[in-house]
Amino acid sequence: MHLCIFSACQNSCHIAIIQTVIMGIRGLMSFVEDHSNEFFTDLKLRDTKIIIDGYALFHRLCFNSNLELRYGGDYDSFTDVVQNFFESLFACNIHPYVVLDGGCDISDKKLTTLKDRAREKIQTAHSLSLGGGGCVCPLLIREVFIQVLIKLQVCFVQCFSEADRDIMTLANHWNCPVLSSDSDFCIFDLKTGFCPLNSFQWRNMNTIKGTQYYIPAKCFSLDAFCRHFNNMNKALLPLFAVLCGNDHINLPILETFLSKARLPLGATSSKGRRHHRVLRLLNWLSHFDNPTEALDNVLKYLPKKDRENVKELLCCSMEEYQQSQVKLQDFFQYGSYVCPDTLNLGLPEWVLVALTKGQLSPFISDALVLRRTFLHTQVENMQRPNAHRISQPIRQIIYGLLLNASPHLGNVSWNAVPPQPLAFSEVERINKNIKTSIIGAVELPKDHSDLSKLTELSLGRRQILLLETLKVKPTILEPIPTSLKLPVAVSCYWLQHTEAKAKLHHLQALLLGMLMGPLHAIINSPGNVDPAPRQAQCLAAR
């Protein structure tokens, strides 16, 4: 129900931008890639399972495929790219399992990082709107990606929150590699290694003896990495990650340690100068036997009054690199799994299942648990209200449906929860900055007030709720083909709002876009001998 009317991006994007989007540990991915011959081994990937970081993959395919993304998202071309990617895997007998991030972590520890990224995305979108460079994903790219996964019957799961630990745990359980762009996977102790998307040559398949296809790839070797730094204990790497700076922690007080500790740089080349922070930390940590000893040495450089709090934060952040309790293999084998984060939330079972299967977006889990959502930025006129404003009444209905999801959520005291009992927070673009707006939920009739019983309502009653939300009378849709009823209803909603300022040519373009898909399906339908394809071809050519 959440409308996204316009979206845009640009195709002139580079690896550095992708790595900024994925982030992870600052400077680590470029450092290991600068030492590719030392830290990576060549693979001829075939006949294996592979765990794919879905978030990293759809960003990579979106930004690295010469797509025209400035005018609302070239979803047809993106669909073709995603399909070609997985067909390459199938040709090599590689069995992909895609794992998607869910909503924000319940602890909300990445809030500062998320807000910083939202601000950066606004600046990039503004640059693109003026003809400059940069990369901003179209708003529906994730949904299109999931649609292709379903069409190709690719196994996938959407985690309740961030997926990295669950990916690592599943890969180690199945003893297979991970495919991602996230440098956090250089820290995880993966049995079969981590293959960066950057060097995964799926477009350049080769053959062994002319019959067996494989994909050339590189695999990061954690053992080789640790050998390079004085046979460093692997257990020290999570401490390195949090000291270097990652998505979970950014403590200014750690700069006190970095400035006072006189960290050894070690032997370095001219191209290694941009990685001084990484090198100094790794060389320094390599002299310690275990994390406890190293952490104690970090704390001694800090004021005594801050040591306990900093120690607690560092230890908590280091836990993010340990095995997860989640067993995603249960989902892929039996269709369901237990997520410890959700056990005490008391959410309806149908909601958890729909989230796991990607039928509900992370927007819903954020609204349910944190009572806060991020409205993602797109390329548009930054002087005007963001395009999400037009769908605010729809979101208010959604919030009304979510209000009484569970009595346990009433006891949650996260910072994100607004003070008003019927309110939700929305982080949105206002001009060229972000602002947190408080949005009131719509109180709904009693038969909609229990989220656990929403799916028990008759189909007719649910359709009435949908059409009432869109302010469309059922009689308007009676002559419309079933496949076009929802797009037409949404278009009616759009036209009723003065913010849209839609003119006739806007409507004509929208209707043409709706028809082109069915027309192309008729034209390309194999074995069709009736005159419909010829008529459709004539219509499409006009």
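This is a predicted model: local features need pLDDT of at least 70, side-chain atom pairs count only at pLDDT 80 or more; totals for chains, interfaces and linings use all residues.

Trainee: Which strands form the open sheet, and in what order?

Mentor: Strands count as paired if at least two bridges link them. Here three strands make an open sheet in the order 9-10-11, with mixed pairing. Strand 9 (372-374) and strand 11 (433-440) are the edges, each pairing on one side only. From one strand to the next, the twist averages 25°.

Trainee: How many bridges join strand 10 to strand 11, and do they run parallel or antiparallel?

Mentor: Strand 10 (residues 423-430) is joined to strand 11 by eight bridges, and the two run antiparallel. To find your place, click phenylalanine 424: opposite it, in strand 11, stands isoleucine 439.

Trainee: Which helices should I look at around these strands?

Mentor: Helix 18 (residues 362-370) lies across strand 9 and strand 10, at about 150° to strand 9. Helix 19 (residues 392-402) packs on the sheet too, touching strand 9, strand 10 and strand 11, and its direction makes about 55° with that of strand 11.

Trainee: Now helix 7: which of its residues are buried?

Mentor: Buried means under 20% relative accessible area. In helix 7 (residues 141-151), that gives Ile141, Arg142, Val144, Phe145, Ile146, Val148 and Leu149.

Trainee: What do those buried residues of helix 7 pack against?

Mentor: Their partners are helix 4 (54-63), helix 5 (75-91), strand 3 (94-100), strand 4 (155-158) and helix 18. After helix 7 comes glutamine 153, with a positive phi near 60°.

Notes: Residues are numbered from 1 along each chain as its sequence is written. Side-chain values use heavy atoms; hydrogens and water are left out. Helices (H or I, at least four residues) and strands (E, at least two) are DSSP runs, numbered from the N terminus. Axes are lines fitted to C-alpha atoms, for helices over the stretch in contact, and angles run from 0 to 180 degrees between N-to-C directions. Contact means heavy atoms within 4.5 Å. Buried means under 20% relative accessible area, exposed over 50%, partly exposed in between (1.4 Å probe, protein chains only).
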